[in-house]
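Welcome! Let us take a friendly walk through a protein model, from the whole chain down to single side chains.

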Amino acid sequence: MSNTWKIYILAIVSFLVGTSEYIISGILDHIAHTLGITLAAAGQLITIFSLVYALSTPILMALTASMDRRKLMMYALGLFVFGNILAFVLPGYGWFIAARIIMAMGAGMVVVTALTIAAKIASEGKQGSAIATVVMGFTASLIIGVPLGRMIAVALGWKSVFGAIALMGLIAMAVIFFTLPHTEGDKPVPLLQQLALFKKRKVAMGLSITFFWLGGYSVAYTYLSPYLLNISGISGKLLSGVLLIFGIASLVGSKFGGYSTDKWGVPFTLVGGMTLHIITLVGLSFVTHSYIGVLMILILWSFAAWSTGPTQQFHLATIEPEMSGVLLSINQSMMQLAMAVGAGIGGVFVENVSLASITWIGALGVMIAIISSLLIFNSQPKQALKDINQ
């Protein structure tokens with residue numbers, strides 16, 4: 001089997017993990033009704049998953065740094081599958097929380113390991129595209145996994161969704177065991193040494209790009225549906241189709257981001273994508289009651305926003321090559337925290353200012369990410385000259 005197909009297998013695994021994370025938002029009403037809890041309590045399942053994912057991933061990746069990557073993928077997938085099995089068979093809200101915690105612990109390791117393996121087995125000059133393919137699998141869960149999960153929940157009950165994910169996970173474990181090569185792990189890095197990375201200016205600023213880019217995106221995206229209904233004037237009948245097109249554009253943007261990174265480099269792709277991201281967020285506030293206008297802006301926004309994903313992953317992997325796995329792990333945590341903070345800030349502005357303000361606040365966050373990017377790229381020639389002189 002060619003390495004290209006192996007990378008697509010990793011993308012499918014990433015799709016399963018993404019579906020397990022995002023599916024809650026698609027079946028929230030079913031969970032609340034079946035478990036006899038409020039929608040707010042059901043919504044906490046999303047928060048719990050994100051926090052566990054963010055906090056546990058760096059620790060677990062540090063403890064398993066020297067392990068063979070294929071073996072680690074098997075163990076991580078096994079933990080993830082176990083969590084889904086618990087969600088499928090055990091009753092009650094408390095047990096479901098426990099299952100979500102186990103899922104999140106496995107999910108974080110699966111994604112980081114998939115990204116690491118993809119970068120290592122990719123052909124020279126194709127690392128950006130390989131990472132983009134894995135990221136694309138995660139993104140596809142929003143477009144395909146969530147609506148498909150909703151259909152399964154309506155037909156067979158919401159617990160069957162997690163049973164299906166567990167079954168697919170077991171199949172993925174078998175395929176990985178027979179197809180992926182043994183890949184050496186990284187040199188073990190203690191957690192305190194990982195945290196010490198934040199003392200390095202280029203690392204801290206590199207991670208700040210993730211935080212402000214995705215945080216800005218999350219401010220607007222979290223409230224996209226009510227924004228389109230109440231501000232842009234999109235009818236409820238058309239909303240599902242609009243969101244589907246938005247999701248497809250994110251897939252195209254993610255793939256283009258990897259291609260552009262390989263062809264034109266990180267600075268052009270990163271800054272260019274985020275600049276278009278800002279233009280579309282601001283532009284959305286000026287396009288009202290025009291279905292075609294709103295649709296075009298949304299396509300460009302989704303394309304621009306997700307073109308940054310694989311580029312930023314590759315950028316972080318090259319900042320400290322010997323600690324690429326650690327940085328990718330920390331970045332996964334940063335992404336989860338950014339989504340949570342962005343959603344929270346968006347909620348504050350919706351509640352206290354207006355729903356229309358979220359695009360401007362989101363654009364401000366992305367602008368800060370661009371500033372961080374420019375500061376990093378402008379300092380690189382000076383650093384290179386300093387290294388040569390030494």
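## The chain as a whole

The protein chain folds into 15 helices and zero strands; here helices (H or I, at least four residues) and strands (E, at least two) are DSSP runs, numbered from the N terminus. This is a predicted model, in which local features need pLDDT of at least 70 and side-chain atom pairs count only at pLDDT 80 or more, while totals for chains, interfaces and linings use all residues. Residues are numbered from 1 along each chain as its sequence is written, and side-chain values use heavy atoms, with hydrogens and water left out.

Of the 390 residues in the protein chain, 54% are buried. Buried means under 20% relative accessible area, exposed means over 50%, and partly exposed is in between (1.4 Å probe, protein chains only). Among contacts between residues at least 6 apart in sequence, 84% join residues at least 24 apart; a contact means heavy atoms within 4.5 Å.

## Helix H4 and its partners

Helix H4 covers residues 69-89, and helix H7 covers residues 159-179. Helix H5 spans residues 93-121. The table shows how H4 packs with H7 and with H5.

| Helix pair | Angle | Axes apart |
|---|---|---|
| H4 and H7 | about 160° | 8 Å |
| H4 and H5 | about 155° | 7 Å |

Axes are lines fitted to C-alpha atoms, for helices over the stretch in contact, and angles run from 0 to 180 degrees between N-to-C directions. Angles under 35 degrees count as roughly parallel, over 145 as roughly antiparallel, 65 to 115 as roughly perpendicular and the rest as oblique. H4 and H7 are therefore roughly antiparallel to each other. The contact between them includes Met 73, Leu 77 and Phe 80 of H4, and Phe 162, Ala 166 and Ile 176 of H7. By class, the residues of this contact of H4 with H7 are 16 nonpolar, five polar and two charged. Ala, Val, Leu, Ile, Met, Phe, Trp, Tyr, Cys and Pro count as nonpolar, Asp, Glu, Lys and Arg as charged, and the others, Gly among them, as polar.

H4 and H5 are roughly antiparallel to each other too. The contact of H4 with H5 has 19 nonpolar, five polar and two charged residues.

## Two isoleucines to look at

Is Ile 176 buried or exposed? Ile 176 is buried, with a relative accessible area of 0%. This residue lies in helix H7. Leaving aside residues up to four places away in sequence, Ile 176 touches Ile 9, Val 13, Arg 70, Met 73, Met 74 and Leu 77. Ile 176 and Arg 70 are 106 residues apart along the chain, and their C-alpha atoms are separated by 7.6 Å.

Now find Ile 345 in helix H14 (residues 324-352). Ile 345 counts as partly exposed, at 36% relative accessibility. Val 219 and Ile 361 are touched by Ile 345, not counting residues up to four places away in sequence.

## Aromatic rings

How many aromatic pairs does the structure hold? There are 16 aromatic pairs. Rings of Phe, Tyr and Trp (its six-membered ring) pair if their centres lie within 6.5 Å; planes under 30 degrees apart count as stacked, over 60 as edge-to-face and the rest as tilted. Phe 211 and Phe 212 form an edge-to-face pair, 5.3 Å centre to centre with 90° between the planes. Phe 211 is partly exposed at 25% relative accessible area, and Phe 212 is partly exposed at 28%. Ring pairs also link Trp 213, Tyr 217, Phe 246, Trp 301 and Trp 306 into a cluster.
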